[in-house]
Amino acid sequence: MSAYRYMGKRLFFLIVVMLISNLIIQPLNVYALDDQLEGDSKEPEWTKKAEIVYRENTVKGKVYSDEEEKIIFTFENILSPGPSTPIVLYSDSELMLSTTYQEVYGDDFKNISFANENIGSIGISKIVFDYYYEDDIKKTKIYIYPKEALRYGENYSLNIDGSTFQTKSGESPKDIKVELFISDTAEYKIKQTYPENNASWCDEKRLKHDKTDDFVSDYFFIKITLYDENGNLELSNIASVKNIQVKPEGTDSNFLDSSFISKIESVQDAVYKQEKIDNFLFVKNTADKAATLYIPVKQLLSGTKYSVSIPSGVFYFPGDKYGNLSITWSFMTSIEPVVADVVTATVSEDYDEDEPIYIQGDFFYEDGIEDNKSVYIGEERAERVNVIEKTVLENGVEVVKKYLEVYLPDGSDRLRPGIYNIEVKNDSNHTTKILAVLSVVESGEYVPNEDYKIKKEEREGEVRASIDVSEDTLMLSSSYVDDNYLKLDLDELMGEEVLLRKIKYTADKGDVLDILETKSTWTDISLYKVRLDDNKTRDDIIIELGRINPTLEKSLKYKLFGKVIKSDFIKVSGENYKIDSVFLSIPFKNSSGKHLKVLRYDEATRNFYEEEFSVDLVEKRVNVKSISKGIFVVVEG
């Protein structure tokens, strides 16, 4: 091939890139989208043979060598491939036409075809190559256009001679054969799902039937409504509903409540049974030209994403041989809001109603919060509430946290002196109440040490107990801040019942507490090389150790859905300090110790990470050494 012809051909390839979305067929039947990606390609990593999976409007799956049963491509095709609608193959490597076929034109390209036993062989009108990167591996998307539309309701085999393609190194796959079925199923139009697709904050406790009848009162339902123009849409049979799946994300548990279907199936009288189906399961509305399937579900979990899958053939119109295509949608159930801290715990009775207090937390339902019916101080509703985000410095790292900006009641609802609970509501079924958390004091009144009381004086320092929450702080004596070794029994200092224990002291740059060893019923924790953050010369170090508050624990359990918790959540956190490492000895419960994992929740990234550990089967403890702070927990599964 001459240099001019080669350059012209590459220029032509660029034009194809611009025209491919319009599927304009050019005289030349093989195209390669110009390679503008840099870097070396990697050869495919062959994996085991996989099954073909069907989904709505698309067939996806794997193409493999019949001889070696190795995956060569993944593929997809919409329901009606033809001259303007390709079947698409995805190769795990950079592929091109083999040397044998690089100059093939028009009808001479006979090494790829669609075979049908009733129709015969159908050739290819066009092939287009497109290259892309995935995980630094250069891969290929190949568009194959049949010369004529493939017929509905027919089986085809796509046959590709193994010598057609080759990798950059010259390796060619074996002969490829893909079995396809072109469905003649009509697309059934969905009018509505409830909950809606991708809906969030759906109150799972309100998923009840639209009809108030004893037959359905004890059950929960989600539903799907389809257009039924002429009232002809039918349910194929009641048993097909049992094939519907309602699964929490990341699990194989099906929350479909088949007991309701069995309840209808057990009705002996045929007329009475059909009446139950028509009234409570598959309900038609001729005025709205719609039909609704009520899908019974077990009570769903809060704060969980669910995927609903209705298989093909559950519905059908008269004369439709195959029924509906598979239908899927997903939604998220509501969750209780998490309140981690009330930033302003005390205000004067003459507070400025335009100055808000701030509640730090997470999982705030903004649509619910901002309807101004979401935050109550005692019995009074907040004047208004906003959900905001602030960037704060935590352990030397900038972290974005959520806050409620709460404006206190005004006018006749103005708060009088006293101590108030605060309740945050996402909806009527998902609320969090914090007891005795806000104090309103008389004007001009000074309340010394309003946030804490002195619990005891020890050699190591003063122990202060928080008035409002289960939290004690040891104000460590300055004589220990640059010591080689310090051992503290936190149970003796603070009491076993205290959830969160803090150690606070002022440190200068260069002060290093080599080993801080703490003992407790809940866990033994040792910190190594405790010192100020690098960017500080003098500041207060606050070390937080121990169990976490129940609200935070609840939210972390949601994140660990599917895991079995085998210990308390143990926090190693704080402000303005760094360490070389931390050692924890955590008791576990109700386990043989053979299938455990230790996870660390990072408060900055909000993700869990596995930690290395050893198991002491005699003492029933796990021993963990980590280079990072966080919240540690022992799990199974």
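A salt bridge is taken here as a side-chain nitrogen of Lys or Arg within 4 Å of a carboxyl oxygen of Asp or Glu, and the structure holds 29 of them. The model is a predicted one, in which local features need pLDDT of at least 70 and side-chain atom pairs count only at pLDDT 80 or more, while totals for chains, interfaces and linings use all residues. Residues are numbered from 1 along each chain as its sequence is written, and side-chain values use heavy atoms, with hydrogens and water left out.

One of these salt bridges joins Lys284 to Glu234, with the closest N and O atoms 3.5 Å apart. Because Lys284 lies in strand β19 (residues 282–285) and Glu234 in strand β17 (residues 234–235), the pair ties together parts that are 50 residues apart in sequence; strands are DSSP runs of E with at least two residues, numbered from the N terminus. Lys284 counts as partly exposed because its relative accessibility is 32%, and Glu234 is likewise partly exposed, with a relative accessible area of 32%. In these terms, buried means under 20% relative accessible area, exposed means over 50%, and partly exposed lies in between, with a 1.4 Å probe and protein chains only.

Arg414 and Glu353 form another salt bridge, in which the closest N and O atoms are 3.7 Å apart. This pair links distant parts of the chain, since Arg414 sits in the loop between β30 (397–407) and β31, whereas Glu353 sits in the loop between β25 (346–348) and β26 (357–362), 61 residues apart. Arg414 is partly exposed at 25% relative accessibility, and Glu353 is partly exposed with a relative accessible area of 28%.

In the salt bridge between Arg464 and Glu462, the N to O distance is 2.5 Å. Here Arg464 is partly exposed, with a relative accessible area of 24%, but Glu462 is buried, with a relative accessible area of 17%. Elsewhere, Glu471, Lys502, Glu544, Lys571 and Glu603 are linked in a network of salt bridges.

Turning to the strands, pairing requires that DSSP finds at least two bridges between them.

Two residues lie between β31 and β32, which form a hairpin.

Finally, on the surface, Phe613, Val615 and Leu617 form a nonpolar patch with about 230 Å² of accessible area together. Val615 belongs to strand β47 (residues 613–616) and counts as partly exposed because its relative accessibility is 31%. Patches are made of residues with over 30% relative accessible area and no salt bridge, nonpolar side chains (Val, Leu, Ile, Met, Phe, Trp, Tyr) being joined within 5 Å and like charges within 9 Å.

Technical notes:
Areas by Shrake-Rupley, 256 points an atom, 1.4 Å probe, with all protein chains shown as cover. Helix = DSSP H or I, 4+ residues; strand = E, 2+ residues; numbered from the N terminus.
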